[in-house]
Amino acid sequence: MTQFVDLHTHSTASDGTYSPTELIRAAKACGLAGIALTDHDTGNGLKEAVAEAEKVGMRFVPGIEISAEFPLPGTLHILGHFVDPDAPGLHRMSKILLESRNARNPLIVRRLNELGCKITMEQVRGVATEKVPVGAAVVVGRPHIAEALVRAGCVASIRQAFDVYLGTTGSAYFPKERLTPRQAIECIHEAGGLATVAHPVQLRCENAAHLATIVNHLAEAGLDGIEVWHSDHNNRAVTLMLELAEKYHLVPTGGSDFHGRHKADVVLGHGRRNVKVAVEALDRLEERWRQRGKYVAKSSNR
Ligand code: AMP
Ligand code: ZN
Ligand code: FE
Ligand code: FE
């Protein structure tokens, strides 16, 4: 029987609505053979997830998702898999990225206020922290602002909040400072992980040739994998990403990008289009990671 995995998910440590423990239990309940937790900009949920995965007996990959610089309206997200939750570089990077969010989020809220949506940063923080232990650090993102807008009756849905206000073409959009793609890849490598370009359709490249150029640049900067299966990918995108994986020697990976209630149409392990990821994707990723680990060990012994 084919087994399946989900290598791209979010928890309450960033903008998902399941705690790391709930996420692992849900993955177990739906029969997944393995799961990666890839919260935005933080590894704060990883230890809880590791402990629960051990408890229920499930393969677990500690991960992270980092936003990198890229021209609008595209977005470039780099996933890290097999990062070490204790790596000092990971914590340093997280701190920088959190500071840039803390600078941006109040700008968004102020603009929303000017546009007549009366929400406060306290309400946004309240949404982000309502399910986490008191004092725990969380990454506050636009989905929390969207939820605060829904609760205040300013919009009917999270989707509408993004369409009107928070999306890259919305009237209250502010970018945050990001790492360059090379910096993001290097940070992930320094933390012992493998770097994968997430949901390449969100780069919004003009055509396949443009996308190939970008992926080639990322591969030259050290990229290890490409997300082939994702909730935003139709069959044509899956075929295209598989071709790019082959061409640039990247490991094909995939996941749902599960966020719980914040992306209500995305189902854990299935995504939005019932695209499932076979366990071989995790096997190949792990194999690449082991090879690289050996390589790093060898070169540092010289
Ligand atoms: P941030 O990291 O604060 O910039 O927020 C980015 C997150 O917002 C993404 O990872 C998604 O979870 C979510 N997001 C971005 N665009 C949309 C959209 N159009 N609809 C719903 N969620 C979105
Ligand atoms: Zn998110
Ligand atoms: Fe993403
Ligand atoms: Fe994601």
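**Metal sites, burial and strand pairing**

Q: What makes His 199 count as buried?
A: In this predicted model, His 199 has a relative accessibility of 1%. The cut-off for buried is under 20%, so His 199 counts as buried.

Q: How do you know whether Glu 65 is buried or exposed?
A: Glu 65 has a relative accessibility of 1%. Exposed would require over 50%, and buried requires under 20%; Glu 65 therefore counts as buried.

Q: Which protein atoms are the donors of the iron ion (ligand 4)?
A: They are His 8 (NE2), His 10 (NE2), Glu 65 (OE) and Asp 257 (OD), at 2.1 to 2.2 Å. Their residues follow the spacing H-x1-H-x54-E-x191-D. The zinc ion (ligand 2) is 4.7 Å from the iron ion (ligand 4) and 5.8 Å from the iron ion (ligand 3).

Q: Why is the site of the iron ion (ligand 4) called irregular?
A: The angles among its 4 donor atoms run from 79 to 168°. For reference, the ideal angle for four tetrahedral donors is 109.5 degrees.

Q: How do you know whether His 8 is buried or exposed?
A: The relative accessibility of His 8 is 0%. The limit for buried is under 20%, so His 8 counts as buried. His 10 is also buried, with a relative accessible area of 0%.

Q: Why is strand S3 (residues 59-68) said to be largely enclosed by the rest of the structure?
A: Of its 10 residues, 9 are buried, so strand S3 is largely enclosed.

Q: What makes S3 a partner of strand S4 (residues 76-81)?
A: S3 and S4 pair over 6 bridges, in the antiparallel sense. Pairing takes at least two bridges, so S3 and S4 count as paired. One of the bridges joins Ala 68 to Leu 76. With strand S2 (residues 34-37), S3 pairs in the parallel sense over 4 bridges, and here Ile 35 has Phe 60 as its bridge partner.

Q: Why do strand S7 (251-255) and strand S8 (277-278) stand at the edges?
A: The open sheet has 8 strands in the order S7-S6-S5-S4-S3-S2-S1-S8, with mixed pairing. S7 and S8 each have a single partner strand, so one side of each is left without a neighbour in the sheet.

Q: How do you know that the buried residues of helix H6 (residues 158-166) lie on the same side?
A: The buried residues of H6 are Ile 158, Ala 161, Tyr 165 and Leu 166. They cover an arc of only 60° around the axis, which puts them on the same side of H6. Arg 159 and Asp 163 are exposed on the other side. The cover over the buried residues includes helix H3 (88-114) and helix H5 (142-151).

Terms used: Residues numbered from 1 in each chain as written. Chains lettered and ligands numbered in written order. Predicted model: local features only at pLDDT ≥ 70, side-chain atom pairs only at ≥ 80, totals over all residues. Heavy atoms only, no water. Donors = N, O, S within 2.8 Å, 3.2 Å for Na, K, Ca; no water. Tetrahedral: all angles 85-135°; square planar, octahedral: opposite > 155°, others 65-115°. Buried < 20%, exposed > 50% of the residue type's maximum accessible area, 1.4 Å probe, protein only. Helix = DSSP H or I, 4+ residues; strand = E, 2+ residues; numbered from the N terminus. Arc of directions from axis to C-beta. Contact = heavy atoms within 4.5 Å.
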